[in-house]
Amino acid sequence: MTKISSLFLVIATLIMGREGWALEDCSQEQARLRAQVHLLETRVKQQQVRIARLLHEKEVQFLDKGEENSVIDLGGKRQYADCSEIFNDGHKRSGFYKIKPLQSPAEFSVYCDMSDGGGWTVIQRRSDGSEDFNRGWNDYENGFGNFVQKNGEYWLGNKNLHLLTAQGDYTLKIDLADFEKNSRYAQYKNFKVGDEKNSYDLHIGEYSGTAGDSLSGNFHPEVQWWASHQRMKFSTWDRDNDNYKGNCAEEEESGWWFNRCHSANLNGVYYSGPYTAETDNGVVWYTWHGWWYSLKSVVMKIRPNDFIPNIV
């Protein structure tokens, strides 16, 4: 009887042992499968990130270069230094053209505004908030945005601004509009942007217009020391060149010729009119709507001071 009991005990132990081994094997298999699933999920997420990045790069490339038929083809008969030369050569239709400033190594596309007397080279446009202007130094240096649609938002690039304005004396005109269908303008003689060595510093001359002189801060002598943008170096969140103890570009979420910090910031965050935020980081022109109103549209455009339209 004792032998039989011992036999049953051995058999039971073997059965339980096999069940234990089976459970252990099952747990290990579950762990292995979970690890595989996690690995696959990680790879899928990585692929999704890569796909999103590639799509974005393709979109940026499309927007920056434009469709083949978006640039008005002038037949390659001659190279133009700016839109004023195109206008005076008989091309009166506003649109995208290729220009090549005198010291530029290559052609690039610009929007030529042939209205308002003609010959204006558009260097910046805000229209609907579709473009992100909170960008780093390289983007602002090389330019970014929508060079396809005539109302597309873009920044022509600090390199190109320097090449354009180094050719001679240029007038800057800034067309501004609010959300109540009002419009104003500010105009500055002798607009010039310095070279890379001087951090693309801003130089402006005599003001005229209806929007007030926000760029030079002449609206009040006591604030000019911090409100003027005259001779300010360009700043971005990753290249702080302002006179403020903090980083204006980081706080205002844009690149601009900041001082301490601004009385004008046309690259600011796009809001719909009056806004509230931690800082006055909207599309601001202080002398028209103050710091807490973000404008609906902006066009910054230039042409030579001595431009005489060819009306033939």
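**Disulfides, a pocket and one buried asparagine**

Hi everyone. If we number the bonded cysteines of this chain in sequence order, they pair 1-2, 3-4. Please keep in mind that this is a predicted model. Searching the whole structure turns up two disulfides.

Let's take them in turn. In one of them, the sulfur atoms of Cys83 and Cys112 sit 2.0 Å apart, and the link is left-handed, with -75 degrees about the S-S bond. Cys83 belongs to helix H2 and Cys112 to strand E2, so this pair ties together parts that are 29 residues apart in sequence. Cys83 counts as buried because its relative accessibility is 0%, and Cys112 counts as buried at 0% too.

Next, Cys248 is joined to Cys261, again with 2.0 Å from S to S. This link is left-handed as well, at -90 degrees. Cys248 is in helix H6, while Cys261 is in the loop between H6 and strand E10, 13 residues apart. Both cysteines, Cys248 and Cys261, are buried.

Now to the second largest pocket, with a volume of about 240 Å³. Which strand gives the largest share of its lining? That is E14, with four residues. Strands E2 and E3 also supply at least two residues each. The lining has 14 residues, and those nearest the centre are Tyr111, Asp113, Arg125, Asn151 and Val299. By class, we have six charged, four polar and four nonpolar residues there.

One last stop: Asn158, in helix H4. Is Asn158 buried or exposed? Asn158 counts as buried, because its relative accessibility is 0%. Leaving aside residues up to four places away in sequence, Asn158 touches Tyr140, Glu141, Val193, Tyr200 and Phe234.

Definitions and conventions:
Residues are numbered from 1 along each chain as its sequence is written. This is a predicted model: local features need pLDDT of at least 70, side-chain atom pairs count only at pLDDT 80 or more; totals for chains, interfaces and linings use all residues. Side-chain values use heavy atoms; hydrogens and water are left out. On a 1 Å grid over the protein atoms alone, a cavity is a set of points where a 1.4 Å probe fits but cannot get out, and a pocket is an open set with protein on both sides within 12 Å along at least five of seven lines; lining residues have an atom within 4 Å of a point. Grid points are joined across faces, edges and corners, and a volume is the space filled by probe spheres set on the points. Ala, Val, Leu, Ile, Met, Phe, Trp, Tyr, Cys and Pro count as nonpolar, Asp, Glu, Lys and Arg as charged, and the others, Gly among them, as polar. Buried means under 20% relative accessible area, exposed over 50%, partly exposed in between (1.4 Å probe, protein chains only). Contact means heavy atoms within 4.5 Å. A disulfide is a pair of cysteine sulfur atoms within 2.5 Å.
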